[in-house]
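Please consult the sequence and structure shown below while reading.

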Amino acid sequence: MTGHLAPRPGFVLDVDRNSPPIVFHHGEGFRLEKLPAGRSRVIYPAEPLEGLPDPDGAIRHALLHPIGDSEPLPALLNPGMKLTIAFDDISLPLPPMRRPDIRQRVIEAVLDLAAEAGVDDVHLIAALAIHRRMTEDELRHAVGDRVYDAFAPDGRLYNHDAEDPEGMVVLGETPHGEDVQFSRRAAESDLVVYVNINLVAMDGGHKSTATGLSGYTGLRHHHNVHTMRNSRSFMDRENSALHASNWRMGKVIQDAGVKIFQIETTVNNDTFGRSGPLALLQKREWEWSTRDRMQFLGMKSGLEVMPTNAKRKIFSSWQAPYALTSVQAGEIEAVHEVTTVNVYKQHLVSVEGQTDVLTMGLPYICPYNVNSIMNPILVMCLGLGYFFNLYRGRPLVREGGVLIMSHPTPWEFNPVHHPSYIDFFEQVLADTTDPIEIERKYEKQFAEDEWYIHLYRNSYAYHGVHPFYMWYWGSHALEHLGRVIIVGGNPAAVRRMGFQSASTLQDALEMASDVVGPEPTITHIKNPPILMADVT
Amino acid sequence: MSPVRRAATMARSLAGGLSFPWRPAPVPTGADPVPAVRGLGADYDTSWARRYPARIARAAIIESVMRPTMAVIASPARRGLDRLDDLDGPVVFVANHHSHADTPLLLTSIPEPWRHRVMVGAAADYFFGNRIASAISALTIGAVPIERTKVGRKSADMVRDLIGDGWSMLLYPEGGRSPDGWGQEFRGGAAFLAIKCGVPVVPIHVQGTGRILRKGRNLPRPSRTTVTFGDPLVPTDRENARAFARRLQAAVAALGDESTSDWYSARIRAHAGTSPGLTGPDVGAWRRAWALGNRDRGSRRRRRRWPAL
């Protein structure tokens, strides 16, 4: 990046009068914002760690030398067995990575061992729970053409269908009374191999199978307001009620006799590349060259006059040159412990103390709008759900503080991908924005709606209940914060969600002072590339 | 003979290519080869073809002549390029050999950074028989002369020097084009070079070029082709050239299986040692031709399907 020998860790910049304006992501565009000197700080992510020099060798080594109580993969394979390989869906990684995708590398390595053992009965399942189905192109990108052509034409590679009455089974109940719903094919297999891309600390562990291969019957026990409000945060497994529930379910799955061989991988922070048009987004502003500055000015003004659809097309075509930083396989919990350490190695940045006002620039993409539109509910989910929860210890902003997000927040939805979101926004949010009330009054109706189920199973729609989960995802933040302000958003859409709209950051800071008083402390989380604040 | 009939005969003769006495007669089997003219054959100096003017001319020929020509007559499907993603530095590409169309097809299929820094091992007695043919071969495809009729160090030393200078090599270990559509046993030269130079070998399987321009034909006929790149192979410490050549042949055969069936079935057969061989069944000529018809039907490419709704 800047010629340093080793990647630099993340750091916290105390803003003074000499500090340059900071680049904020703003959907399919950018803003340059000057933060008040003397009371502001900016948290910068760590530079990308070096990737493994021989990814295929590392994957093979992991399969042959598993962690925890597990035999090497070849010892678990035999000719007459039923093998199911499940893998993460389109929501990982973000943005989609350049070919070859890590899933392709891992799945090919697993299949090569299966071929060596002569395994004939192999199914591959995109473990998407209640996300939208992946298209052929997306599946090809994830698993590669070789695997797709070998398994998809005769129906052995497919999307998980959580609403298939024949294809799902309830394996039992946890001591907390939670139903454990699971894919029948996976449950009846002699071995399930799960292939993860652990982009953030939330991913992986028992959550992969207990959530990815489940459906509404199982998900409703942990994708709810109570769980989310008791996850502090859901990026920190030890303190996450979401994960505790998944871990309980994982135990039930294991006790039901399902044997799972878990493969987890981590990638570095090379989201925008070390060279190329977006590389400057990975650099600290004062390290920009003349060329970077000219490039940014050209890009910013070009994007300002470009039609929205053209901008979306350009940004959607970006594929991150992520490199594999670790791969581990074997028994789920032992594997996940190592993975979490590796994720933290890239993401954690130490931050001292909380702040009155937290600012963030939201990018064009979140897990649920790949090749789609970032609608207002997803804006809320990304800001109040994902970015707010990227902490360990305490939230970055104090209780009763203010969150300022920057995003155009268009009143716009993709009718194919997000049909239930439209009704949620028009009907539910017009009535109330209180998550508890929403959950009590509307969730069941949307979850069991025949039309949404039909679209989920046969089109490319997220499940009817999915927008509810997006709203619950931000419920911890909604409870914690005194006010939410969106800069540069569509005022009507922002108001519908119960937030306040501001045209500039200065206006937003003025408005925030009503809640947190004059001269508040401000912290900006400069994400992506991804960082996670370790708040002491 | 009427003028019309004479013209028709001449046209047929031109269409079928020049034959003896318009071109030299091939050396019959059993006869001693004609001593090479000094400065030709394996002695031909191709260093000029690696200087920048020739490289620029060759790049222009590859991109502006070979690529569109191949797109029209070979409509190639290129698979497995992602297997080269982690590869760096010079390599030896080895492929099965059916036709003169193989080289232009491969030169337009091999990805950067190798495409414009690859030399092609070409039969010294065939491509370097006279000065004009030698110059054209060296310029257009980056050919370097390889002796195939006798054992000599000259070719091996030259290729080793080229690899040392960062050039990659494209070699056809079968030693010549297939006479009947089936492959031939791999010779040990490519494996020997890879071991000597310590470079990885990328196996490539070419399917379908025999239908375009098989040995003995002079006019191409458009047909579909598939070029499948395999995982790079590195000789092990205890592997000699003969054993490594066998492994290369097995790898190319497995790629051939992959291009006519699917990847996973091909891997199962490869691990079980039951991949269909490159060289075909050891039976009479007509039965070999018959078996080839079953294997190489010309239009095995799967149609792209929309996902079932």
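## Domains of chain A

Domain bounds are those of an automatic or database domain assignment. By that assignment, chain A comprises domain 1 (11-44 + 273-317 + 352-535) and domain 2 (55-267). The model is a predicted one, in which local features need pLDDT of at least 70 and side-chain atom pairs count only at pLDDT 80 or more, while totals for chains, interfaces and linings use all residues. Residues are numbered from 1 along each chain as its sequence is written, and chains are lettered from A and ligands numbered from 1 in the order in which they are written.

The C-alpha centres of domain 1 and domain 2 of chain A are 29 Å apart. Contact here requires that the C-beta atoms of two residues, placed from the backbone, lie within 7 Å. On this criterion, 30 residues of domain 1 of chain A contact 25 residues of domain 2 of chain A. The residues on the domain 1 side comprise 20 nonpolar, six polar and four charged. Nonpolar covers Ala, Val, Leu, Ile, Met, Phe, Trp, Tyr, Cys and Pro; charged covers Asp, Glu, Lys and Arg; the others, Gly among them, are polar.

## Contact between the chains

Chain B places 16 residues in contact with 21 residues of chain A. Helix 10 (residues 263-272) of chain B gives the largest share of the chain B side, seven residues. Helices (H or I, at least four residues) and strands (E, at least two) are DSSP runs, numbered from the N terminus. The chain B side holds six nonpolar, two polar and eight charged residues.

Most residues other than glycine have a negative phi, and most peptide bonds are trans. A cis peptide bond links Leu94(A) to Pro95(A), with omega about -20 degrees; Pro95(A) lies in the loop between strand 5 (82-87) and helix 2 (102-117) of chain A. The bond from Asn527(A) to Pro528(A) is also cis, with omega near 0 degrees.

Ala129(A), although not a glycine, has a positive phi of about 50 degrees. Ala129(A) is buried, with 21 other C-beta atoms within 10 Å. Ser75(B) likewise has a positive phi, near 20 degrees, but is partly exposed, with 14 other C-beta atoms within 10 Å. A residue is buried with 20 or more such atoms, exposed with 12 or fewer, and partly exposed in between, the C-beta atoms being placed from the backbone.
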